[in-house]
Amino acid sequence: MRIQLLDNITGKWAMQWIIIWFICGVIALSAGFWLTTDHTTLDWFYLAVSFIGLVCVVSLSFRKNVMGNGFGMGATAGEVIVQATSGAVGLMLAPLFNFFTHVYGIFYWSKHTDPDGDMIPKSASKAVWLITAAFIIIGLALFPTINDLLASYGYAVVEDDSSLFLGFISFFWINVIAFVLSITAQAAMILRYSFNWWLWIIVNFVWLIVNLMSGNYIFAIQTMVYQVNAFIGLYEWHRSEQG
């Protein structure tokens, strides 16, 4: 189904849209930085990394290989530095994984481009859907055990403090689900499958609800900025995909 407004945003209005979206993202991130941090050197560094991340995700949604994967490598490398400096070694695992996927992606995407140099997405077969579902199920089943093992060495990816969301949903499992889905979405993105954006939309929706219920309104705004980009990426990739 074609939607004229989205056709314009991903077509003749693309540059104007990217600039407006980026400015909104900068405002959201800057507000979060100013209101929720102590403005330390590490905080400033992470803010800069976040700005790089904005360039990365909007470039990925518009299928730009060098900008998307190149800035993705920069953003994830910066996040690894931030987590390592703050002593959160376990939290380095996801950005490390993402870094190497972007390294692979910058070469893989270059082999599958259209005449304009943009990456050509592909649709998923039933086998890919089954493999993806199996990966998510296995990931959810194994993650607590792996996380406990890492925690025994002081490298927990997700801390389990027994806190509850809405009084009965474990925050630990919310984090686990978001983590496993985000890793799956990242892999699907690098492999050029358009459905990756559906997974990102689910992940962003989970974090949006949690941030709103927790009163973290700045982070909720940031999540909405990324969510808007995810919907644009979903439309752009599906419109451009090949079988």
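Which residue forms a salt bridge with Asp114? I opened my notebook with that one, and the partner is Arg63, the closest N and O atoms being 3.5 Å apart.

**Ground rules**

I am working on a predicted model, where local features need pLDDT of at least 70, side-chain atom pairs count only at pLDDT 80 or more, and totals for chains, interfaces and linings use all residues. Residues are numbered from 1 along each chain as its sequence is written, and side-chain values use heavy atoms, with hydrogens and water left out.

**Entry: salt bridges**

I called a salt bridge wherever a side-chain nitrogen of Lys or Arg lies within 4 Å of a carboxyl oxygen of Asp or Glu. By this rule I get 5 salt bridges.

Back to Arg63 and Asp114, then: the two form a salt bridge. My helices (H or I, at least four residues) are DSSP runs, as strands (E, at least two) would be, numbered from the N terminus.

Next I looked up burial, taking buried as under 20% relative accessible area, exposed as over 50% and partly exposed as in between, with a 1.4 Å probe and protein chains only. Asp114 counts as buried because its relative accessibility is 18%. Arg63 is buried too, at 6%.

Arg63 also forms a salt bridge with Glu236, and here the closest N and O atoms are 2.8 Å apart. Glu236 sits in helix 9, 173 residues from Arg63 in the chain. At 2% relative accessibility, Glu236 counts as buried.

I then checked Asp7 and Arg239, whose side chains meet in a salt bridge at 3.6 Å, N to O. Asp7 belongs to helix 1 (residues 4–9) and Arg239 to helix 9 (residues 217–240), so the pair links parts of the chain 232 residues apart. Asp7 is buried at 14% relative accessibility, while Arg239 is partly exposed at 31%. Putting the pieces together, I note that Asp7, Arg63, Asp114, Glu236 and Arg239 are linked in a network of salt bridges.

**Entry: helix 4**

Which residues of helix 4 are buried? I list Asn65, Gly68, Asn69, Gly72, Ala75, Thr76, Gly78, Val80, Val82 and Gln83. Their cover includes helix 3 (41–61), helix 5 (93–108) and helix 7 (171–190), where contact means heavy atoms within 4.5 Å.

**Entry: second largest pocket**

For pockets I used a 1 Å grid over the protein atoms alone: a pocket is an open set of points with protein on both sides within 12 Å along at least five of seven lines, a cavity is a set where a 1.4 Å probe fits but cannot get out, and lining residues have an atom within 4 Å of a point. Grid points are joined across faces, edges and corners, and a volume is the space filled by probe spheres set on the points.

About 320 Å³ of space lies in the second largest pocket. Of its 15 lining residues, Gly139, Phe143, Ile146, Phe179 and Val180 are the closest to the centre. Helix 5, helix 6 (126–152) and helix 7 each give two or more residues to this lining, and the largest share, 8 residues, comes from helix 6.

I sorted the lining with Ala, Val, Leu, Ile, Met, Phe, Trp, Tyr, Cys and Pro as nonpolar, Asp, Glu, Lys and Arg as charged, and the others, Gly among them, as polar. That gives 13 nonpolar, 2 polar and no charged residues.

**Entry: positive phi**

His39 has phi near 60° and lies in the loop between helix 2 (14–36) and helix 3. His39 is partly exposed at 28%. Arg192 has phi of about 80°, in the loop between helix 7 and helix 8 (196–214). Arg192 is buried, at 1% relative accessibility.
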